[in-house]
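Dear colleague,

Please find the structure below, handed over for your records.

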Amino acid sequence: AKEAWLDYKLTNQNRSPQTIQDYRYVIDKFFPDNFQSQCLSDITDENVERLFAQRTKALIPKEDSLKKVLQYTKAIFDFGIRKKWCYINPALTVDLSNLYSLCDNSIKTDDEKEFSPEEVDKLKTEAFNRVDNPRALIMLMAAETGMRSAELCSLKWEDIETNYIHIHRQQLLDNTVKGQRRYYEVLYTKDER
């Protein structure tokens, strides 16, 4: 059922191969193979609740990750109902509020998430010493503009004006084929600016 749902998301709902790979990773990490191989109609709400409790204790995920797993689980069962592989969605009864105390609730401070001004200065100094290296120039550009690496790699001369840079494209990685990595460009960013 999982693979059929992923194929449906790819072909009918225009999800990117990278998004499909992300879905697969989340599902495979949370659900053991013996659960995934069961027939959807044989899975009860009690099975799903028990599994969520066991896996949450074992994996100690972030709350958002746990919500994402439940969202995908409900979607797979809804897809199964549409395909008449099952008649109820046993994931609807899962109450995550009972499991949040088992999650990793640590929060990174802003200082832990980003470089300090001193660290940025050190990186810029190092980059200035290596201006013949394109990566050093990219570091400097990122420090000055706040652009993400995927946006920097997609920047074209036509995006640069006298007073501004139009950031509206990025490179994405497609590594859905094992052993192959392919970058492709898309004409959108997380927050076009």
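Asn47 lies in helix 4, which covers residues 45-59; helices (H or I, at least four residues) and strands (E, at least two) are DSSP runs, numbered from the N terminus. This is a predicted model, in which local features need pLDDT of at least 70 and side-chain atom pairs count only at pLDDT 80 or more, while totals for chains, interfaces and linings use all residues. Residues are numbered from 1 along each chain as its sequence is written, and side-chain values use heavy atoms, with hydrogens and water left out.

Asn47 counts as partly exposed because its relative accessibility is 24% (buried means under 20% relative accessible area, exposed over 50%, partly exposed in between; 1.4 Å probe, protein chains only). The side chain of Asn47 reaches the backbone nitrogen of Thr44 at 2.8 Å. Between Asn47 and Thr109 there are 62 residues in sequence and 37 Å in space, C-alpha to C-alpha.

As to the whole, the protein has 9 helices and 2 strands, in the order α-α-α-α-α-α-α-α-α-β-β from the N terminus on. The C-alpha trace spans about 65 × 35 × 30 Å along its principal axes. The radius of gyration of the protein is 22 Å, whereas a compact globule of 193 residues would have one near 16 Å (taken over C-alpha atoms; the globule rule is 2.2 Å times the number of residues to the power 0.38). Buried residues make up 28% of the 193 residues.

With kind regards

Terms used. Polar contact = N/O pair within 3.5 Å; in protein donor to acceptor, adjacent residues only side chain to side chain.
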